[in-house]
Amino acid sequence: MAYYRGPDPKREQFRRYLEKAGVVDSLTSVLVALFESQERPNNALEYVKQHLGADGMNPEDTEALQQEMIDLKQTCARLMEENKDLKTRLQRYEPEPEDGATAE
C-alpha cells in the first residue's frame with residue numbers, strides 16, 4: 001500500500017541549490033543534446049562526462065601545457081639570474097645612498 005509523502009524540506013533545499021548553481025541547466029542541456037544527436041554514442045556516460053567537462057583536457061593538450069610550463073620556468077630562472085647580474089653591475093656604478101634617501 002502506497003501513501004503520499006509531502007515534500008521533504010532537505011530535498012527541496014538541495015534541488016534549489018542545484019538550480020541556483022546551474023547544475024540542473026547544464027545537465028538538461030547535455031541530455032537534450034544527447035537526445036537530439038543523430039548518432040547515439042556507444043557510451044552515453046562518456047558523452048555526458050565529455051560534454052560537461054569532467055574528462056578534463058586531452059592528453060596532448062596536457063603534455064603541451066606541461067612543456068610550456070617547463071619552458072616558462074626556465075625562462076623565468078634565466079631572467080631572474082640576468083636581473084640579479086644587472087643589479088650587481090648597476091651597484092658598481094650607482095651605489096645606493098647610505099641614509100636610505102633617494103637622489104633627486
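Visitor: Where do Arg15 and Glu19 lie, and how many residues apart are they?
Guide: Both are in helix 1, four residues apart, about one turn of the helix. Keep in mind that this is a predicted model.

Visitor: What do their side chains form?
Guide: A salt bridge. The N to O distance is 2.8 Å.

Visitor: Why does a gap of three or four places in an α-helix matter?
Guide: An α-helix has 3.6 residues a turn, so residues three or four places apart point the same way.

Visitor: What about Glu12, which residue does it form a salt bridge with?
Guide: Glu12 pairs with Arg15. Their closest N and O atoms are 2.7 Å apart. Those two also sit in helix 1, which covers residues 9-21. They are three residues apart, about one turn of the helix.

Visitor: Switching topic. How many of the residues in helix 1 are buried?
Guide: Zero of its 13 residues. Helix 1 is hardly covered.

Visitor: What span should helix 1 have, and how far apart are its end C-alpha atoms?
Guide: At 1.5 Å a residue, its 13 residues should span 18 Å. The end C-alpha atoms are 18 Å apart, so the two values agree.

Visitor: Which residue follows helix 1?
Guide: Gly22. Its phi is positive, near 85°.

Visitor: Back to charges. How many salt bridges does the count come to?
Guide: Four. One of them joins Glu82 and Arg78, with the closest N and O atoms 4.0 Å apart. The cut-off is within 4 Å.

Visitor: Where do Glu82 and Arg78 sit, and what separates them?
Guide: They are in helix 4, residues 59-93. They are four residues apart, so about one helical turn separates them.

Visitor: Which residues do salt bridges that share partners join into one network?
Guide: Glu12, Arg15 and Glu19.

Note on methods. Residues numbered from 1 in each chain as written. Predicted model: local features only at pLDDT ≥ 70, side-chain atom pairs only at ≥ 80, totals over all residues. Heavy atoms only, no water. Expected span 1.5 Å × (residues − 1). Buried < 20%, exposed > 50% of the residue type's maximum accessible area, 1.4 Å probe, protein only.
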